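Please look over the sequence and the model shown here before reading on. The report is meant to be read with both at hand.

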Amino acid sequence: MRDDVLALLSQALSDREQRGILRELRTRQPGIDFYSNDYLGLARNNACHEMLLASLNDNPQWLRGGTGSRLVSGNSALTLSVEDFIAAEHRTERALLFPSGYMANMALFSCLPGRNDTVLLDEFVHRSVLDGCRLSFAGKMRFQHNDLDHLENRLAKSRGKCWIAVESLYSMEGDFAPLHEMVALAERYGASLIVDEAHAMGVFGYGLVCDAQLQERVCATVVTYGKAMGAHGAAILSRGTVMDYLVNFAAPFIYTTGLPDLFAATIRNNYTFLKANPHLRDDLQDRIRYFFSAGLPTLSGAASPVQAVPCPGMERLAAAKEMLEAQSLFTFAVRPPTVKSGSERLRVSLHTFNTKAEIQQLTDLLKAFHDTE
Ligand SMILES: Cc1ncc(COP(=O)(O)O)c(C=O)c1O
């Protein structure tokens, strides 16, 4: 490799290091998990794993690798039947599985909006949506987070067919989109609303679109399985025509190896397990209420498993995170470029398996830290 290229890369990395935003891979630490997306504890639930193991023992053919694109050798009867199962559970026409939510969003936004169309993006929408838009030739405009007036203003200015991208529960803010109002606004302007339910799926039934019975009024929903569902992968839920279009035109679906059967089997297993254990959602809400009752400042909704505690300033944020880690409490420090400079925050993720004593320890320490300001 050329030395000047390596020097450029090293320079970019040391710039990041100096600004305190260098990303590094660390293994999972033994300690108390306030940072993963495993809200319902399914990823670590032995009973859920045993159920899966029993069905794998009966169906060892599910361990076969993906082998190819779903349009070549990578499609299986199991994948199709799990997609039918998902569609029925969500009361939607069809479901299409993807290896990840990132790829599902890439597929939707790279291929549905056409050259003469406009995509309106909530300013805090996930990076996978932005990257999908980069692959499309449509015009893009951002609107202020959850601001219906600003969205309407943008709708009035958009050209061609209009697509609106939102999350039902925002991953870095822990607040909710006003879905009913957005659906009504989209309908008024003939726009197509696409809702990313990555963090709501499983926590609020099968997501907030399904909970509010808005399936018929949105264009598509993305649900992911690597968070509260304790598995991996994602599905797009929509009409059959949209799915057929994606199968024909979405490069992130066509030019990649299909999801292996093991993943599809795990997804169905975890739906079934969750249906048999609905108390998990109540347990989670109980923990969230307990956290909320401590009265810490938070940007997030009262029912959200993601609680964003403002901690502006890089040094202060690092100090808060380290102070908690010294007590084996692991949170996630949200820094630029993920959020704007000055709006740094500590993201506390709550789980069914967090005990009240652990939550109290965390909130006591954070309160004491805030009081030292
Ligand atoms: C809102 C949102 N959408 C999509 C994704 C991507 O999902 P996955 O992790 O399955 O690729 C994430 C994950 O970070 C997310 O938070």
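The text below goes through the domains, the ligand site and a few points of the backbone.

This is a predicted model, in which local features need pLDDT of at least 70 and side-chain atom pairs count only at pLDDT 80 or more, while totals for chains, interfaces and linings use all residues. Residues are numbered from 1 along each chain as its sequence is written, and side-chain values use heavy atoms, with hydrogens and water left out.

**Two domains**

The domain assignment divides the chain into domain 1 (26-42 + 278-371) and domain 2 (59-276), with bounds that come from an automatic or database assignment. Taken over C-alpha atoms, the centres of domain 1 and domain 2 are separated by 27 Å. Contact, meaning heavy atoms within 4.5 Å, joins 25 residues of domain 1 to 24 residues of domain 2. The size of an interface is often given as the accessible area lost when the parts come together. Between domain 1 and domain 2 the buried area (the accessible area, with a 1.4 Å probe, that two parts lose on being put together, summed over both) is about 1900 Å², and carbon and sulfur atoms give 61% of it. Asn-37, Leu-42 and Arg-281 supply 30% of the area that domain 1 buries against domain 2, which is more than any other three residues.

**The ligand site**

There are 13 residues around the ligand, and Gly-101, Tyr-102, Asp-196, His-199 and Lys-227 come nearest; a residue belongs to this shell if one of its heavy atoms lies within 4 Å of the ligand. By class, the shell has 2 nonpolar, 8 polar and 3 charged residues, where Ala, Val, Leu, Ile, Met, Phe, Trp, Tyr, Cys and Pro count as nonpolar, Asp, Glu, Lys and Arg as charged, and the others, Gly among them, as polar. Helix α4 (residues 101-111) gives the largest share of the shell, 3 residues; helices (H or I, at least four residues) and strands (E, at least two) are DSSP runs, numbered from the N terminus.

The table lists polar contacts, which are pairs of N or O atoms within 3.5 Å.

| Residue and its atom | Ligand atom | Distance |
|---|---|---|
| Tyr-102, polar backbone atom | oxygen | 2.9 Å |
| Asp-196, N or O side-chain atom | nitrogen | 2.5 Å |
| His-199, polar side-chain atom | oxygen | 2.7 Å |

**Points of the backbone**

Most residues other than glycine have a negative phi, and most peptide bonds are trans. Arg-91, however, has a positive phi near 50°, and Arg-91 sits in the loop between α3 (77-90) and β2 (94-98). The peptide bond from Pro-336 to Pro-337 is cis, with omega near 10°.

Methods. Polar contact = N/O pair within 3.5 Å; in protein donor to acceptor, adjacent residues only side chain to side chain.
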